[in-house]
Amino acid sequence: MTEKSREFKGRVVMAGHLSGEAVVSHGGFNTLASFQKDMILRKKIMKCSDQNNTDIFGKVLSGKILCLPKTIGSTTGGLVLQTVASVGAAPAALLFSEEIDSLAAAGVILADVWNGNRIVTIDNLGAEFLAYVQQGQKLDIFDDGRVIVHE
Amino acid sequence: MQNIYSMQLTDEEKAILKGEQGEVMRKAMESIVLYGQIFGAKRLAPIEGSIHFVMSVGMPIFKPVVSLVDELIEAGLRTSKPFTADPRPMDFKNVPANFLEKFIFKKLIYGIQAQYEEKLYKIGLKDDKSFTCACYLEEVGNIPLKGQVLAWAESSAVVYANSVLGARTNRNSGLLELLCGITGRVPVFSLMTDEGRMADWLIEIKTKTLPEAQILGSAIGMKAMEDVPYISGLDSLLGNELNHSVMDYLKDMGAAAASNGAVGLYHVEGLTPEAVNMSRGLLKQGYRTYVIDDAELKKVYDGYPVMWKNHLAKPEICFIGCPHLSLRQMYEWLERFESELKATANTKLAVTTILTAAPAVVNAFTKDENAYSRLTGIGARLTSICALMYMNNPLCARKAVITNSNKLRTYTKARYFTDAEITAIAIRGGI
């Protein structure tokens with residue numbers, strides 16, 4: 001770890017080791033509202049279509065590391081996540097500052113168990129993590145729940 | 001992934017996880033065990049009521065959903081009890097759609113609706129009258145008992161079952177509730193435990209009159225998010241009897257709290273089952289307080305963004321009934337419209353106004369020939385679709401739709417108005 005990076009530790013929900021670029025939603029992430037437009041248009045690269053989420057509206061979600069407190073919204077949230085994962089358009093990883101919610105948990109389980117699509121997921125990273133991480137920063141995620149944020 | 005055997009499982013559950021009842025059943029069990037373990041569930045409990053399934057629409061883009069249902073059918077699996085499901089998305093007879101919209105609905109967005117419904121019957125869907133978000137109404141019949149263990153999705157139904165009926169279900173995602181129904185088990189955590197049903201918030205209602213249910217629910221949801229609120233002061237405005245009128249009010253308030261936030265359970269002092277039994281003993285130590293007065297509700301209402309490009313557009317459609325209306329509410333709307341039409345010397349509604357209710361509720365209303373002819377006589381229409389599914393496409397999203405539903409406002413570009421405002425707008429035809 002360099003001087004210009006910081007490490008956080010959370011709980012592993014779906015283990016994995018990867019690096020990527022952060023997309024940060026400080027408010028609850030509405031899964032259906034965020035993906036529905038590009039899902040219907042069958043886009044391969046999906047951008048956030050939730051106009052209520054000013055942090056990430058219009059930003060690319062596919063392949064990114066989505067940093068968020070929780071998901072909110074329709075109880076179709078889990079199967080929406082499973083579906084976008086099945087077409088390779090889900091975020092590569094979900095990093096929750098709080099405990100994961102029941103809809104997102106269902107989504108990453110359904111994607112993993114029924115379709116073999118792993119969305120690396122870590123929760124309980126803490127409010128400080130979400131306050132620290134910035135849009136576009138490079139992140140490294142490790143199997144043991146460590147997350148390194150590079151400035 | 002966590003060790004799937006850390007939960008206390010019965011021998012039968014362990015055998016299922018080893019694949020002794022087939023690979024599909026193994027995956028169903030693995031899914032619900034993993035789900036429970038994430039939230040610290042110690043065990044699975046047998047499901048005591050029918051499930052309510054949220055994914056009622058046959059959309060080709062949801063391939064993994066269809067594939068999962070196909071796997072269940074091929075393995076000969078179905079829910080132990082017949083289940084209800086959310087509303088259908090289309091009704092061209094009663095809900096306006098032009099040629100292009102019909103084409104897009106039928107061929108593209110909901111292109112596999114008929115085939116998908118056939119699949120749902122094979123895995124346990126009760127009947128063709130079971131498509132509603134208000135499955136707990138008397139006419140529909142999926143009515144859980146107090147304390148009964150459930151696995152439901154559909155946020156408005158979950159919050160009603162937990163709060164008004166005192167049943168126990170978490171706010172499950174679509175497909176997870178189906179897998180619980182297939183295995184007959186549900187992991188016990190959060191809102192299924194006594195501890196998880198304790199209140200984090202004391203919500204003090206200090207308004208001069210009974211608030212609009214949909215705005216009150218919105219205020220509560222946006223503050224409490226997924227926490228459990230305990231609401232005081234409402235009983236003095238609603239009365240102390242949990243009658244049909246009060247239950248309808250709580251239905252609409254809860255749906256707004258569940259969609260504007262993520263509330264899965266609320267208690268109302270002196271009214272809802274657990275609040276009647278335990279009163280403020282339901283409040284957790286260190287609970288937070290939120291006071292709602294008329295000024296606070298106005299602030300919440302004024303904060304709703306208008307998503308229309310032209311804020312003064314003439315409304316094209318008015319949707320009333322998200323969540324689906326009760327039979328009592330259908331009569332209430334008929335009387336409200338008739339009274340306002342008479343007061344303004346009008347005979348017909350100026351905006352295409354669509355009341356949405358469960359198929360069984362619509363049937364019951366249409367059997368009252370007098371009421372039905374009066375309603376259609378003023379130009380209102382009845383349907384059992386989900387207004388949200390109608391609005392969730394680029395064509396319909398452009399329409400100037402008004403609604404008294406805070407849920408519809410949240411998920412679509414529909415513009416919210418109070419019951420009184422929407423009545424006036426539907427009659428005069430402009431904002």
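In this predicted model, 32 residues of chain B are in contact with 31 residues of chain A, where contact means that two C-beta atoms, placed from the backbone, lie within 7 Å. On chain B's side, helix 2 (23-38) and helix 3 (63-74) are the elements that give two or more residues. Helix 2 of chain B supplies the largest share, six residues. That side splits into 18 nonpolar, eight polar and six charged residues; Ala, Val, Leu, Ile, Met, Phe, Trp, Tyr, Cys and Pro count as nonpolar, Asp, Glu, Lys and Arg as charged, and the others, Gly among them, as polar.

**How to read this**
- Residues are numbered from 1 along each chain as its sequence is written, and chains are lettered from A and ligands numbered from 1 in the order in which they are written.
- Local features need pLDDT of at least 70 and side-chain atom pairs count only at pLDDT 80 or more, while totals for chains, interfaces and linings use all residues.
- Helices (H or I, at least four residues) and strands (E, at least two) are DSSP runs, numbered from the N terminus.
- "Buried" means 20 or more other C-beta atoms within 10 Å of a residue's own, "exposed" means 12 or fewer, and "partly exposed" is in between, with C-beta atoms placed from the backbone.

- Leaving aside residues up to four places away in sequence, Val108(A) touches Val13(A), Met14(A), Leu81(A), Leu94(A), Ile119(A) and Thr121(A).

**A covered helix**
- Eight of the ten residues in helix 1 (residues 31-40) of chain A are buried, among them Phe35(A) and Asp38(A).
- Their cover includes helix 2 (77-86) of chain A and helix 18 (406-411) of chain B.
- Just after this helix, Arg42(A) takes a positive phi of about 55°.

- Most residues other than glycine have a negative phi, and most peptide bonds are trans.
- Leu175(B), in the loop between helix 6 (155-163) and helix 7 (176-183) of chain B, has a positive phi near 80°, and it is buried, with 29 other C-beta atoms within 10 Å.
- Ser279(B) has a positive phi near 50° and counts as partly exposed because it has 14 C-beta neighbours inside 10 Å.
- The bond from Cys322(B) to Pro323(B) is cis, with omega near 10°, and Pro323(B) sits in strand 9 (residues 317-325) of chain B.
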